[in-house]
Amino acid sequence: MKTSLSRRNLLTMAVALSSPLRAQQSPLFVEAPSAETGITWVHENAMSDARHMPESLGPGAAFLDYDNDGWMDIYLVNSGPCDFYTPSKPIRNALYRNNRDGSFTDVTEAAGVGGGFFGMGVAVADTTNNGLPDLLVTGYREMRLYRNQGDGAFRDATREAGLGAVQTNSPWSTSAVFFDYNNDGFLDLFLCNYVEFNPGKNSCGDNKLGRNFYCTPRVFNPLRCVLMRNNGDGTFTNVTKGTEIETALSKALGVVATDINNDGLLDLWVANDTSPNFLFANRGSGKWEEIALPAEVAYSMNGQPRSGMGVDSMDLDGDGWMDLMVTNIDQEMYALYRNRGDESFEDVAHANEVAQATRQMSGWGLKFADFDHSGNPSLFIANGHPDDMIESYSKQVAYREPLLFFRHDGKRLRNVSATAGPLFRKSFAARGLAVGDYNNDGRLDVLVAVNGGAPVLARNEIRSSNQWLGVRLIGTSCNRDAIGARIRWSAAGKVRQRMKVGGGSYLSAHDPREVLGLGTAAAVEWVEIQWPKPSTRTERFSGLQPGRYHTLTEGAGKA
Amino acid sequence: MRLPIRRSIIQQLLRPLWLLAIALMLHGQSTTFQEQLQAAEQLFHRGDLAAANQAFLALARTHASEPQPQWYLGLIAYQQSRYQDARDRFRQLVERQEDMGPGWAMLGLTEFRMRDFDEALPHLELGRYLGIANQDTLAQAAALHQAFLCNRIQRFDVALAVLSELAVKGKKTPAIVAAFGVAALNRPWLLEDVPSHEQALVMEAGETAWLLGARRQQEAAARAEALVVRYPEQSGLQFILGTTLARADWPRAETALRKEVAANPNHYYAHVTLASELIDRGRPEEAASFCEKAVQLQPESYVARGLLGKALLSTGRADQAVAELEAAVQLAPTNANVRYSLALAYTRVGRKAEAAAQREIFTQLQEKQTAGGKPVDSQAKP
């Protein structure tokens, strides 16, 4: 009698044993329930029979530490009264203070950041280098700069900051980004403007259901984006005039500030809806060159403009050049552009499983981050079709769509959404997406803003043996948020690098800290910061303990 | 198969066109002329075509530079089947007013009646391109006849695109369905050429293609599946099935398209559809052979050459891509997409100045399309 198991038997047993294990795989993200978080706020999309376009595009969301206690708070943007909408009950934006135990407390009233207009998105930055993050809320017909007073309250500084005229000339602002375009140490502002919308004039009706529907953006006239220079005294000056930013007619929805050519000047990658995207190359001295067409990121491979919505930038392949991404509408597929290093890009969405996963999807917010501490960036995307009646005419496309998550396998991205847990089997009318570590466990969580619904706080539950290190950068001669900083770190002899971009995603703002994955290395040898100009410093910090956050201040490292 | 457009319907529904023409042209004219014109129009409206004709002839003599009498005289001649006279009137009209879309459309329809098909097609296209404002029936007739003529010269892609514009608006007549069927089956026929034993097949295929044009993919796919079962040996049906499934179920669509090209190796559109989808799905290596076959089938096709160029470009064969894309640009100089691909190819091979020049032309063509709608160019081979 044969007592030993053959190799074939062993293989069969291994497969039989591993199958249930696979089925029981831990979810990568779980939805933190409202009962646990205390977040009861719900977005009111103001959806009307007339189907006014602004109803379908919001909202955005932000992670920010407004009270500087080291814990990420949450800001959520709502619609509000405007020329086509009068709320039947009071609605407002919401600021939730982190209680440091997984729950939040609504402090909107005390903070004075309720909005009161038809809000779209939010950008967060320390605009005065005083150590306090300010809030810019964009919107339809109005926008607001809330300046952080440092006592738990904000005040409306829109006009005193010189943004009143911009508000008038930006009838529909969407995403915004603070970044230092002129390297003077103060964060400037780039504002995306969408389209000319007139509720009395612009409507699209009589679809197959005999009803009004949300128009294609093609029927609207474009607007112009705006660049505001920070004067360093709390005010801004409009410096758009005479630049290619002024001449480029946009239907802009998303923006990220990144450095595509490693010249130390932050460039702007802008998603346009149904018109060519923009890549504004910062040539210094206030000169901008719009190079999206020669850079091969304006159009699809077929030379067609797509419906660009959210954007982000990350050095995905670790070659030292910042790559770009943009989400589009169904049938267009999202684009993932690899930087060739010569101000041109190659769409590698197919090779990274992004194109295949997104053919029937419509994407909005997205963010690259090291969600699994592997040292390589993963990708999280929020999706949902803008037309709430799409399912009446399409069997393939849904109004509410699942979230997508891609992990980096060391060579490329892999779509792991199907095995990422029950959250990824749910569907949402998702729009904004913010990334931040709200429970300070080093695992980056995701806040998804939902049109006409409650936000989704996706808690990162990725289990691995990988280590991490968190850094909060504080500039002293450069902008205090250190946007544009280059970060290199060495763990077990492997050197990795990253750039701290400005903005990214859609209508949203992120945890200002950087989480650096160490892989399986137990320690980090050093972290090197190349501070953005006007700083000339490149400093190394050593002796940093993994598994916690560190504050790295410009000038405190070893040159 | 004879499914003509009834003239009485055109007469009835062209009325708003007269009003439009009056509104556009009356500015600055004497009251006397307007009164005479109105009187003539009343005769026309009453259906007293002989009297109306006399009245407009008199107006044409006394006001030779005015377009309205020519327009009405052309319409009356068309309705009385005096096509040569109608053609002359519409020709004079568009020579005088080159941007008059309805004039070009009526000229094209008249030439169609005279079986001067080579003249009719560009005139119908120009009429549609210039615009047939608020003239639903004339617009429909122009589109349908354009589709008939595109089928005749094997521009089935343009025919299907034009017919889909009607289908998506819910327009459905036996003639539209039949034209869809001819186009979907890739038969170079006018409706009168459809053999009697093929009529049922044409109408069934047309119903399927109409549903696809109306963006009712699921129903279209179900019909296409039934067609394939009912006519298992009929060429062209796997192609229809493949196109109906392409968005919803690509693996099955790919199988159907591959069956079509295997069974019908001369089916040009099956080859270009398969190639285009494979390129779009990041499989340019596989697409290349279908592109090459499509080029072999239609060497003068800018679509086939453009696709082959893209496939070559995507697989790192930029030098060869340049040659194919230059050929595509020669064949369709106003096509923005091939200009874009050529610019990419020039960039790859380091011909930067030429790449910049192609991008410049691409941008101009894009702007023109955005400003005025996409020009229809059936003279360039598909």
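Reply: Helix H18 (302–314) and helix H20 (336–348) of chain B are among what covers the buried residues of H19(B). This is a predicted model: local features need pLDDT of at least 70, side-chain atom pairs count only at pLDDT 80 or more, while totals for chains, interfaces and linings use all residues, and side-chain values use heavy atoms, with hydrogens and water left out. Residues are numbered from 1 along each chain as its sequence is written, with chains lettered from A and ligands numbered from 1 in the order in which they are written.

Some terms come first. Helices (H or I, at least four residues) and strands (E, at least two) are DSSP runs, numbered from the N terminus. Buried means under 20% relative accessible area, exposed means over 50%, and partly exposed lies in between (1.4 Å probe, protein chains only). Contact means heavy atoms within 4.5 Å.

H19(B) covers residues 318–331, which makes 14 residues. From its first C-alpha to its last it reaches 20 Å, close to the 20 Å expected. That expected span is 1.5 Å times one less than the number of residues. The buried residues of H19(B) are B:Ala318, B:Ala321, B:Val322, B:Glu324, B:Leu325, B:Ala328 and B:Val329. An α-helix has 3.6 residues a turn, so residues three or four places apart point the same way.

Next, helix H8 of chain B, residues 117–130. It has 14 residues, which should span 20 Å, and its end C-alpha atoms are 20 Å apart, which agrees. Its buried residues are B:Phe117, B:Ala120, B:Leu121, B:His123, B:Leu124, B:Glu125 and B:Gly127. Their cover includes helix H7 (101–113) and helix H9 (136–152) of chain B. B:Gly131 follows H8(B), and its phi is positive, near 110 degrees.

Step back to the whole chain. Chain B has 21 helices and zero strands. It runs to 382 residues, and 53% of them count as buried. Take the contacts in chain B between residues at least 6 apart in sequence: 59% of these join residues at least 24 apart.

Now the domains. Chain B is divided into domain 1 (1–135) and domain 2 (154–249), with bounds from an automatic or database domain assignment. Their contact takes seven residues from domain 1 of chain B and 11 residues from domain 2 of chain B. Between them, the two domains bury about 810 Å², with 59% of it on carbon and sulfur atoms. Buried area is the accessible area (1.4 Å probe) that two parts lose on being put together, summed over both. Two salt bridges are counted between domain 1 of chain B and domain 2 of chain B. A salt bridge is a side-chain nitrogen of Lys or Arg within 4 Å of a carboxyl oxygen of Asp or Glu. In chain B, the side chains of B:Arg115 and B:Glu192 meet in a salt bridge at 2.6 Å, N to O.

Chain B also touches chain A. There, 21 residues of chain B are in contact with 20 residues of chain A. The area buried between chain A and chain B is about 1,900 Å², and carbon and sulfur atoms give 45% of it. The salt bridge count between chain A and chain B is two. B:Arg348 pairs with A:Glu296 in a salt bridge, their closest N and O atoms being 2.5 Å apart.

The side chains of A:Glu343 and A:Arg283 meet in a salt bridge at 2.7 Å, N to O. A:Glu343 lies in the loop between strand S22 (335–339) and strand S23 (345–347) of chain A and A:Arg283 in strand S18 (residues 278–284) of chain A, so the pair ties together parts 60 residues apart in sequence. A:Glu343 is partly exposed at 23% relative accessible area, and A:Arg283 is partly exposed at 32%. Over all chains, the structure holds 53 salt bridges.

Last, the cysteines. A disulfide is a covalent bond between the sulfur atoms of two cysteines. It is counted here as a pair of cysteine sulfur atoms within 2.5 Å. The structure holds zero disulfides over all chains. B:Cys150 is buried, with a relative accessible area of 0%. A:Cys478 counts as buried at 1% relative accessibility.
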